[in-house]
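Trainee: I would like to learn how to read a fold from its coordinates. Please take me through one case.

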Amino acid sequence: IQQDGTALTLYDDPVNVFVAAFIGRPPMNFVRGALKHDREWLIFSEVETGTIEVRLPISEFPAGQDFMGQPVLLGIRPEEIRIAESSKAENSSGSFPAIIDFVETAGAEAIVYLQTGAHTLLCRSQRGVNHLEAGHRARFMLNLNNLRLFDPVSSRRIVRRA
């Protein structure tokens with residue numbers, strides 16, 4: 001047993017990478033990166049040629065200070081990634097460009113496969129996205145309130161301030 005709790009608790013607050021990946025369809029996205037320190041912020045930067053950079057307040061992730069300069073995994077559920085509505089999103093933390101690889105329509109929603117350069121992510125979109133958008137670059141937003149950080153060595157979640 002990795003974690004005990006209700007299905008919703010396991011979904012919202014997984015204690016490790018195994019639980020986060022096991023609960024939910026499509027599964028949680030995992031982005032490899034590293035943390036840097038910038039005043040009151042932790043800066044998550046995706047590895048290699050990845051386009052994701054996120055500013056997180058240290059006050060929200062105090063345990064993240066123990067991982068400065070070390071590899072971490074950013075976990076984000078597909079429904080917590082959305083297509084940016086305007087160009088103003090370009091300067092927002094959690095905004096990133098990606099190429100739409102494939103669109104799988106499923107009634108009122110679509111599963112959009114994104115290529116960031118280093119990772120393929122899944123985005124569950126309620127907005128009408130059609131297969132003709134495949135191959136195009138678009139801007140996406142992460143819901144910073146619902147992302148998780150994990151230690152890739154122990155696979156344990158780096159706990160957010162309660």
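The dialogue below goes through the sheet, the cores and the backbone angles.

Mentor: This is a predicted model, in which local features need pLDDT of at least 70 and side-chain atom pairs count only at pLDDT 80 or more, while totals for chains, interfaces and linings use all residues. Residues are numbered from 1 along each chain as its sequence is written, and side-chain values use heavy atoms, with hydrogens and water left out.

Trainee: In what order do the six strands of the open sheet stand?

Mentor: Strands (E, at least two residues) and helices (H or I, at least four) are DSSP runs numbered from the N terminus, and two strands pair if DSSP finds at least two bridges between them. Here the order is β3-β2-β1-β4-β10-β11, with antiparallel pairing. β3 (53–57) and β11 (157–158) are at the edges with a single partner strand each, so one side of each has no neighbour in the sheet.

Trainee: How many bridges join β2 and β3?

Mentor: Five, in the antiparallel sense, with β2 covering residues 41–46. Phe 44 has Val 54 of β3 as its bridge partner.

Trainee: Which residues touch the most other members of the largest nonpolar core?

Mentor: In soluble globular proteins, nonpolar side chains tend to be buried together. A nonpolar core is a set of buried Ala, Val, Leu, Ile, Met, Phe, Trp, Tyr and Cys residues joined through side-chain atoms within 4.5 Å. The largest has 29 residues, and Phe 44, Ile 81, Phe 96 and Leu 114 touch the most other members. Strand β6 (residues 95–106) gives the most to this core, four residues. A second, separate core has five residues, among them Met 28 and Phe 150.

Trainee: Which peptide bond is cis, and where is Pro 26 found?

Mentor: The bond from Arg 25 to Pro 26 is cis, with omega near -5°. Pro 26 is in the loop between α2 (17–22) and β1.

Trainee: Is Glu 48 buried or exposed?

Mentor: Glu 48 is exposed, at 64% relative accessible area. Its phi is near 55°, a positive value in a residue other than glycine, and Glu 48 is in the loop between β2 and β3.

Conventions: Buried < 20%, exposed > 50% of the residue type's maximum accessible area, 1.4 Å probe, protein only.
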